[in-house]
Amino acid sequence: IRGVDAQRPGMTISGKKVALENVSISFETPGDFPAVQIWRDANVEMTNCAITTQSKFGVLVSESASLNTQGTEFRAVNAGCCLKYEGTAQGTLNRCSFLAGRWGVEAINGAQVQGSNCTFRQIGLINGGGLTLGIVGGRASLTLDACQFDGNTATITADEGAVIHLTGSTFRNNGVTGEGQNTNLGMICAQHGAKISLKDDVFEENRQGLVALTGSSLTLERIQMRRTGLVTDNQNLRSFCNAVGANDQGTTVNVAGCTISDSLNDSFNVSGGASLKMVQTTITNSNVSGLTLGFANTAASQAVLNNVHITGAHNDAIFVNSGSQLEMQSCEVTGSDFAGIESQDTGTQVKVVDSTITGCKVMGLNANIGATISAFGCTMEATTRGAQAGLPGEPQKRGTVFLSNCTVRGNSVFGVGACRGATLAMKGGYLGGNQENTWHESGGNLQLER
């Protein structure tokens, strides 16, 4: 079926029992009308079809209509939308392919869509314009299982209270390059109170990461991420190139049973009042930090980590700043190129319980510029400096470190130390086997209580 009239849809369907099988529809004119319009209370089954449009829409499903499709290919070759559901429309997608277009699938207002085993490829403009998936509105939802996302430049977005569930899917080589005109909101973004949950998904070699903004919720369960990010000077893009990022008051990220490796920037970056809860997760070989919590001149953020392992960060493994609060229990931090945990700025507080910090090249723990670290039952060993309050030669950058029943041993420069104006207090525990067990600058306050 060929459509060439720009003043009307290529096909309009309002019948309650309509089936299309092995049908190819080509709408060969630009404009705002769809190749196929399904509306009113229509009920359409589409099997092994091909929809190609040069207009704004391939298929538009509106009002209370439904479209259930399988084995169908969608192309919107002139930067249009492959498939859009709106109103209270509903639909299912099975083994469908979305292979070109500015938008892949949209569901807005109260539309409800479910799907499985679909492919999304080359969705979005070269500069990031468009949406691979765009789900908008408090009653709109999309659930996809076992899908493939490959080579898309546009973001997957849930907005204005919408919900997206993605399970068992793979994401490879998505995102935009770093040229100055390119931008998006991350590979996947929840914003304005929306909710996105990801479970058993695999992410490899994607240029942007997973993002939560403006009071939204992002839940990650048993996902794997490898080599996420992009090193770029593009200021509009850089903040979306961490593996996982969150910003703004009321925004929450929940992480369980995940593996994040080889991130090109931070693995987790949480700021602006957002909060993070992470359990049973492994973070390895971050090019910057495993976790950065807080950002200058924004609201303080919060994080709680339990049974988290951070290995081989090329900066601080964990950097907490700007009045943010971190609580850690039963965690392991190893092999960072700088500090294991650095706490910085007045009001910043870190509490570490029953955790181990080893093999860090500069310091295990460091609090400076008015920050505090409190450690209970922890071990700091085989680092350069086990725990240090303040920074040498800079009394204005003093900090406070409290150690209770901790073990500090085998550190190559010293075990515990206090710089001028700073305080380190150690009560109980074990301090021994270091090159020097204690060190302090003149004016440093080092307190040891057995």
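Predicted model: local features only at pLDDT ≥ 70, side-chain atom pairs only at ≥ 80, totals over all residues.
Q: Why does cysteine 82 count as buried?
A: Buried means under 20% relative accessible area. Cysteine 82 comes in at 1%, so it gets the label. Cysteine 378 has a relative accessible area of 1% and is therefore buried too.

Q: What makes β10 and β13 a strand pair?
A: Pairing needs at least two bridges. Strand β10 (residues 73-76) and strand β13 (residues 97-100) have 3 bridges between them, so they pair, and they run parallel. If you want a spot to look at, glutamate 73 stands opposite serine 97 in β13.

Q: What makes β13 and β16 a pair?
A: Here the count is 2 bridges, and at least two are needed, so β13 and strand β16 (residues 119-121) pair, in the parallel sense. Phenylalanine 98 stands opposite phenylalanine 120 in β16.

Q: What does the secondary structure of the chain come to?
A: It's 0 helices and 52 strands. The C-alpha trace spans about 85 × 35 × 30 Å along its principal axes. Of the 450 residues, 54% count as buried. Take the contacts between residues at least 6 apart in sequence: 55% of them join residues at least 24 apart.

Q: Why is asparagine 206 called buried?
A: Its relative accessibility is 1%, and the cut-off is under 20%, so asparagine 206 is buried. You'll find asparagine 206 in the loop between β25 (202-204) and β26 (210-212).

Q: Which residues does asparagine 206 touch, leaving out those up to four places away in sequence?
A: The list is Phe171, Arg172, Asn173, Asn174, Met187, Arg227, Thr228 and Gly229. A contact means heavy atoms within 4.5 Å, so each of these has a heavy atom within that distance of asparagine 206. As for serine 263, it is 57 residues from asparagine 206 in sequence and 9.9 Å away in space, C-alpha to C-alpha.

Q: Why does glycine 273 count as buried?
A: With a relative accessible area of 7%, glycine 273 falls under 20%, so buried is the word. Glycine 273 is in the loop between β32 (268-270) and β33 (275-284). Not counting residues up to four places away in sequence, glycine 273 touches Asp248, Gln249, Gly250, Ala299, Ala300, Ser301 and Gln302. Asparagine 182 is 91 residues from glycine 273 in sequence and 27 Å from it in space, C-alpha to C-alpha.

Q: Why is asparagine 109 called partly exposed?
A: Partly exposed lies between the buried cut-off, under 20%, and the exposed one, over 50%. Asparagine 109 is at 43%, so it lands in between. Histidine 192, also at 43%, is partly exposed by that rule.

Q: What is there to say about phi in asparagine 109 and histidine 192?
A: Asparagine 109 has a positive phi of about 65 degrees although it is not a glycine. In histidine 192 phi is near 55 degrees, again positive in a residue other than glycine. Most residues other than glycine have a negative phi. Asparagine 109 is in the loop between β14 (103-108) and β15 (112-116), while histidine 192 lies in the loop between β23 (188-191) and β24 (195-199).

Q: What makes the largest cavity a cavity, and what lines it?
A: A 1.4 Å probe fits in a cavity but cannot get out. There is 1 cavity of 30 Å³ or more, and the largest cavity has a volume of about 50 Å³. Its lining includes Thr132, Phe149, Asn152 and Met187. By class that lining has 5 nonpolar, 4 polar and no charged residues.

Conventions
Residues numbered from 1 in each chain as written. Heavy atoms only, no water. Helix = DSSP H or I, 4+ residues; strand = E, 2+ residues; numbered from the N terminus. Buried < 20%, exposed > 50% of the residue type's maximum accessible area, 1.4 Å probe, protein only. 1 Å grid on protein atoms, 1.4 Å probe; cavity = no way out; pocket = protein on both sides within 12 Å on 5 of 7 lines; lining within 4 Å. Points joined across faces, edges and corners; volume = space filled by probe spheres on them. Nonpolar A, V, L, I, M, F, W, Y, C, P; charged D, E, K, R; others polar.
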